[in-house]
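This report describes parts of one protein structure in plain terms. Please keep the sequence and the model open while reading.

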Amino acid sequence: MSAAQEKSYWIWMASLPGMGAKTFYTLLKEYGSAADFFDAVSAGNVPAGLAPTEVMAAASAACSRARVTEILAELSAKRITAVTRLDEDYPSRLAEIPWPPPVLFVRGNLPALDNAIGIVGTRACTRRGYEHARKIAAELGMPVVSGMARGIDTAAHLGAMDAKASTVAVLGCGVDVIYPPENDALYHMIIETGAVISELPLGTAPAVGNFPVRNRIIAGLCRGLLVVESGIRGGTAITASLAISYGRDVFAMPGPPYLEPAALANELIAQGAVPVRSAADIRAYYGERAPQEEPPEPEPLLQIDFFQQRIYELLKKEDMGIEEIAEAVQGTPAEVSAALTMMEIDGLCRRLPGGRFGI
Amino acid sequence: MLSKIMSCGLTGLSGYPVVVEADIAAGMPAYETVGLPGAAVRESKERVRAAIKNSGFAYPQQRITINLAPADLKKDGPIYDLAIAVGLLCASGQAAQPDETSAFLGELSLDGQLRGVAGALPMAISAKEAGIKRLFIAAVNADEAAYVGGIEVYPVETLGQLAEHLAGGQQITPLLTHVYRPDEAAYCAHDMAYIRGQQHARRALEIAAAGGHNIIFIGPPGSGKTMLARAVPGILPELTFEEALEITKIHSVCGLSAGGLVVSRPFRSPHHTMSTAALTGGGHRVLPGEISLAHGGVLFLDELPEFKRQALEALRQPLEDRQVSIARANAKLTYPADVMLIAAMNPCPCGHFGSDKPCRCSPREIRQYLSRISGPLLDRIDIHIGMNSVTYGELTDGTPGESSREIRSRVNAARRIQRERYAGAGIYTNAALSAEMLNIHCALDDACSALMQRAYQTLGLSPRGMARVRKVARTIADLCGEENIGVKHLAEALQYRTPDGRYWG
């Protein structure tokens with residue numbers, strides 16, 4: 001039995017619907033190799049109780065050489081590679097965790113992930129949290145791992161790509177399924193410079209139960225995990241606790257205690273996570289210095305009048321509506337509207353949904 | 001015996017004289033109505049008979065023929081009851097034949113009481129134009145008709161009372177011609193002073209009222225959209241007599257006038273389940289729709305994306321032409337529809353996108369929700385306002401805002417400037433400016449052009465969007481009483497532009 005043949009049976013096994021890592025390794029231990037399991041299934045002498053019945057039913061239904069060839073053909077047609085635990089290029093950190101995924105389906109090129117940082121957070125993030133996450137990811141200078149969900153995950157991937165760093169998205173569905181649908185463009189950007197990966201069979205639809213399992217891969221792949229914004233419960237909390245149990249460094253971006261999306265990060269800091277204000281904090285933790293100590297970003301040279309200057313100072317603190325601004329600067333809504341237009345044109349502020357302005 | 005009684009008919013908003021001829025001939029008792037009578041006219045036979053009997057007269061047990069001339073126009077409604085009853089009394093010699101400058105309008109109840117009819121005002125106007133000197137009409141309609149002037153309006157309570165009057169007995173006193181006076185109390189029912197916060201939206205409404213611009217509010221539930229819209233009729237200029245007359249005509253035809261003239265600008269707020277015909281006019285009797293009922297006032301469409309797409313598209317033409325033309329098999333009518341459209345909508349299905357509360361909608365749901373409103377309709381809305389919820393502090397702040405009366409005086413001034421500027425051009429407000437007129441009346445100096453060009457490049461304005469911004473800037477300059485559009489006017493106007501891709505993706 002050549003290694004290539006054994007690999008093809010691994011891929012066959014991993015492509016069975018319902019086959020989790022735990023079942024996979026139980027069967028592998030019992031039969032010694034995936035090929036032997038295949039033979040046992042085709043001979044029809046697999047005792048009950050080794051694996052869930054639906055997995056066994058799927059295995060006997062798909063137990064043919066034609067099916068194995070078909071899976072391999074589909075992979076190459078969709079330009080998807082499969083990395084198994086037997087392979088040299090299987091991410092070494094991931095191999096350390098309990099029940100590592102036996103097979104990773106990879107779209108794109110899996111970069112070296114020895115110093116990767118996972119960045120995770122809520123889908124319902126604040127605009128500032130989103131922007132800060134993107135900034136940290138961009139300034140990190142390390143590969144970024146996240147889950148391609150809405151919100152913070154999207155910011156993390158985009159930030160890494162802003163800085164031309166590699167990034168890896170771990171999906172909770174088949175690697176050929178784009179979810180959420182609006183991240184179609186993001187998906188294709190990621191596979192250009194990094195990789196989208198999943199352990200689930202091709203075509204698997206996103207289901208609630210898939211995501212906690214996906215989170216263990218994010219926690220397993222990275223050296224340290226940065227929690228940006230999240231409620232105290234949810235997927236991010238699961239990822240963080242997995243990261244702790246795997247012995248990963250846990251970083252958290254502190255936030256104001258009254259802000260609900262800051263709750264998890266603050267809680268983690270209280271428990272001993274490393275507070276992170278900017279990418280420099282993470283770099284410093286690993287004893288790296290920024291490529292060159294950049295001077296703090298200079299204030300934009302303001303060629304604006306005093307009135308606009310005051311509005312600018314206000315908006316630096318928080319997003320505000322026209323009425324609030326007018327009250328704070330003692331102007332009429334008409335004056336403030338006019339000033340805001342000029343500032344918008346000069347790129348000093350921008351209009352947000354709900355009639356608000358921010359910088 | 002034959003008698004001829006004058007009455008009135010109604011097509012659309014204009015009336016026409018109708019001669020009701022009643023003939024009583026010897027023969028078997030029979031009753032025939034000719035002259036294209038509708039169902040309600042046919043049924044008048046039963047009401048007339050009972051009313052005559054119950055008023056103490058004898059119903060002629062002979063062959064009766066009623067003709068409604070001109071015989072080629074379809075007559076509908078119970079308005080001819082009174083004329084038919086009077087005709088029968090005259091033909092049977094129980095009442096004196098009135099001369100042909102007297103006209104009779106009204107529905108009879110079985111006991112001889114007179115009920116009101118729809119369209120009293122337009123019929124009174126056309127009666128006067130047809131040379132009628134005296135109009136006998138139900139007392140409930142009399143106030144409305146008495147505004148016409150040049151025609152004596154007799155409020156009639158019962159058929160018996162009228163017969164007495166015609167016979168020269170107890171006379172009915174005609175009403176004095178009413179003099180129109182705008183109703184300040186009605187104007188202040190929804191005063192701007194009661195609205196807390198929302199300074200920005202108030203300012204936008206003032207501009208919209210001054211220039212006749214349509215406006216859309218986009219904001220979460222509870223941001224005061226409906227309350228603001230309700231206050232708008234109160235800051236529009238007072239109705240002139242001609243406007244009041246025209247509005248009352250429309251309301252009268254629909255049977256909505258509550259006696260007397262409409263003295264404040266209408267506010268119509270149709271529900272979003274409304275059919276296209278109910279919105280723009282039509283139906284079996286080709287009555288005016290909501291957009292015509294709002295003529296001269298405000299048409300408020302709350303929850304704009306919930307309206308049927310077809311209904312919204314049907315609004316486009318009337319908004320442009322400021323009138324509705326309805327063609328049906330039996331009629332082709334035009335109703336005025338010069339409204340200020342105020343639309344309100346949530347920014348997303350759950351309503352909280354962009355507000356303080358978390359939004360539960362996916363980007364795709366938001367896109368789908370917003371795409372229910374077509375670009376061409378949005379192009380007819382000059383002012384777009386994003387709103388946020390009113391804070392607790394603003395709600396409880398006891399200081400009243402500026403009153404509607406103060407705002408109205410500024411609106412009046414701005415409207416006067418516009419009327420003078422567009423004298424003879426066939427338009428009255430900046431909102432109605434055409435593309436050619438825009439270049440004449442909304443010329444931009446060098447500084448403004450430079451600003452406009454930068455705005456075009458950096459803010460993602462469309463060419464149509466730029467035209468709208470210029471109109472609004474013109475209105476802002478008019479409110480300031482300034483001859484030319486200045487940079488500050490243009491800069492403010494730009495703030496009322498369509499929200500960028502975030503809303504209309």
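## A covered helix and a chain contact

In chain B, the buried residues of α3(B) are B:Asp81, B:Leu82, B:Ala83, B:Ile84, B:Ala85, B:Val86, B:Gly87, B:Leu88, B:Leu89, B:Cys90 and B:Ala91. Buried means under 20% relative accessible area, exposed over 50%, and partly exposed in between (1.4 Å probe, protein chains only). Helices are DSSP runs of H or I with at least four residues, numbered from the N terminus. After α3(B) comes B:Gly93, with a positive phi near 75°.

This is a predicted model: local features need pLDDT of at least 70, side-chain atom pairs count only at pLDDT 80 or more, and totals for chains, interfaces and linings use all residues. Residues are numbered from 1 along each chain as its sequence is written, chains are lettered from A in the order in which they are written, and side-chain values use heavy atoms, without hydrogens and water.

The table lists how many residues each chain gives to the contact (heavy atoms within 4.5 Å).

| Chain | Residues in the contact |
|---|---|
| B | 34 residues |
| A | 21 residues |

Between them, chain B and chain A bury about 2200 Å², 56% of it on carbon and sulfur atoms. Buried area is the accessible area (1.4 Å probe) that two parts lose on being put together, summed over both. B:His200, B:Arg454 and B:Gln495 supply 23% of the area that chain B buries against chain A.

Notes: Helices (H or I, at least four residues) and strands (E, at least two) are DSSP runs, numbered from the N terminus.
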